[in-house]
Amino acid sequence: MKKIFFVSLVLSLSLLFTSCETLLEAIESSNPQTAEELAFSNVIKTGSNAFEELTIENEYYIGRAVAAAITNKYKIYYGAPKTTEYLNKICNAIVLNSGAEPLFEGYHVAIMDTNDINAMATPGGHIFVSKGLISCTDSEDALAAVLAHEIAHIQLKHSIKAIKKSRRNSFIGSAISFAGLMAIDAYDIPIDVSKEDLESLYVATDVILGTLINSGYSKAQEFEADKKALSLMNATGYDPNAMLDMLDMVKEKTSGSKSGWNSTHPSPEKRIKKVSKQLKKITFTGSDKSVRQERFNKNKF
Amino acid sequence: MKRIMIKKVFIVVLLSFSTFLFAAGKSTMYVKIKTAQVKEKSSKKSKSSGTIPYGASVTVLNSIDGWYYISCDKPKIVGWVASSSLSRKNVNGRGKVSSANAKELALAGKGLTASIESTYADTENVDFSEVNKIETISVSDEEVYQFIINGELNSEEQE
């Protein structure tokens, strides 16, 4: 009963203070009394300083935890190993030309076994693309646009930024974390494992998953990823105009739908408008996408 | 007298600088990614002569444009490694924290390493086997380069 009261109090206070007071201040003003309330309060205080300087190794292990949650929710399709290998070659060709610092364990692309239009990426380099989204492409360059967008999210560290932002105003994330943190509290943790690290990992994973599956990145971050994706494509030798082809097909297939894609991304129309504007600033001098059409037709399922 | 002094100071400075250059040219670095590829030449296109795991120390013998020519004792190997794979900071021991500084390190999230993953898996009832399987999906540098050539794409290294 007390737990329900405290969670309700947190939610109410957070609603009241979202824009002008941090969750930390809300928790402190609620005067936690019980051991549970104190534990929750301590995690938020710890989290307020955590994640300030993550190494690529730290990001990798956060990414693995996020990837594990994704694979627990979505089945992975292994029925087309040629297509999977093809996606990974496109991905690595883009990464090679990106000039970015390497990830701890590199990039790995897997296919989600759903006809829904969906794609996700973890900070550890795990990229998930659905069968539905792959079907929205009719050229290798358009497929490269999908992967370049996810690579851009990783290289722009959008999910890591989401963790840092959450300590300021994500009362929903914190309430969800409460139950998970209580599970950690009840567990007999080995002596060489830090409880604070475990709680940090839980919170980080929870926040990133919430972003990927429920709220989506901010519109600004989505447009930033589109802009960077165009640059990545051009640097690799993929025609950046193919992103419009991909967005046109997504628009056609998601029109009027209240799918997960539409709730986590800006509308295709808005993206098309912004991408078209950005394309005017890019001069593509690579080979025409038709030279890659034969292998696209062979490798796409 | 003054000239002799100036000469002596100059020689000392020159010797110090030479020692510094020699030491810098043979510095110790550490592998900061999970597996560093060792190449026969300073190019990603070059044939791989082996790998070095995370945390291994290497001696840098030479450097060219984003590549280090290194020597490693464990495993025993010499060759070229991309500079972005190495760090001057000793990455070892980050996962092992004493109870005294655990909280401090946790504040920076620096304890988020392999050591807590199995505990995390148990507490949250999470299965990592699918993630492990996904991470076996990989393509070699040589395969990527062939893919690039066949598709008339760009490689970041210009001939």
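In the predicted model, the hairpin of β4(B) and β5(B) has 2 residues between the strands, and Asp65(B) adopts a positive phi near 35° there. Strands here are DSSP runs of E of at least two residues, and helices are runs of H or I of at least four, numbered from the N terminus; two strands pair if DSSP finds at least two bridges between them. Strands β4 (residues 57-64) and β5 (residues 67-72) of chain B run antiparallel and are joined by 5 bridges, with Thr59(B) opposite Ser71(B). A hairpin of 4 residues leads from β5(B) to β6(B). These two strands are also antiparallel, with 6 bridges, and Tyr69(B) faces Trp80(B) in β6(B).

Contact (heavy atoms within 4.5 Å) between the chains involves 67 residues from chain A and 50 residues from chain B. The buried area (accessible area, 1.4 Å probe, lost on being put together, summed over both parts) is about 5300 Å², and carbon and sulfur atoms give 62% of this. On the chain B side, Leu112(B), Tyr120(B) and Phe147(B) lose the most area to chain A, together 13% of what that side buries.

The interface holds 3 salt bridges, defined as a side-chain nitrogen of Lys or Arg within 4 Å of a carboxyl oxygen of Asp or Glu. One of them links Lys32(B) to Glu101(A), with the closest N and O atoms 3.2 Å apart. Of the elements of chain B, α3(B) gives the largest share of the side that touches chain A, 9 residues.

Residues are numbered from 1 along each chain as its sequence is written, and chains are lettered from A and ligands numbered from 1 in the order in which they are written. Local features need pLDDT of at least 70, side-chain atom pairs count only at pLDDT 80 or more, and totals for chains, interfaces and linings use all residues, while side-chain values use heavy atoms, with hydrogens and water left out.

Terms used: Buried area is the accessible area (1.4 Å probe) that two parts lose on being put together, summed over both.
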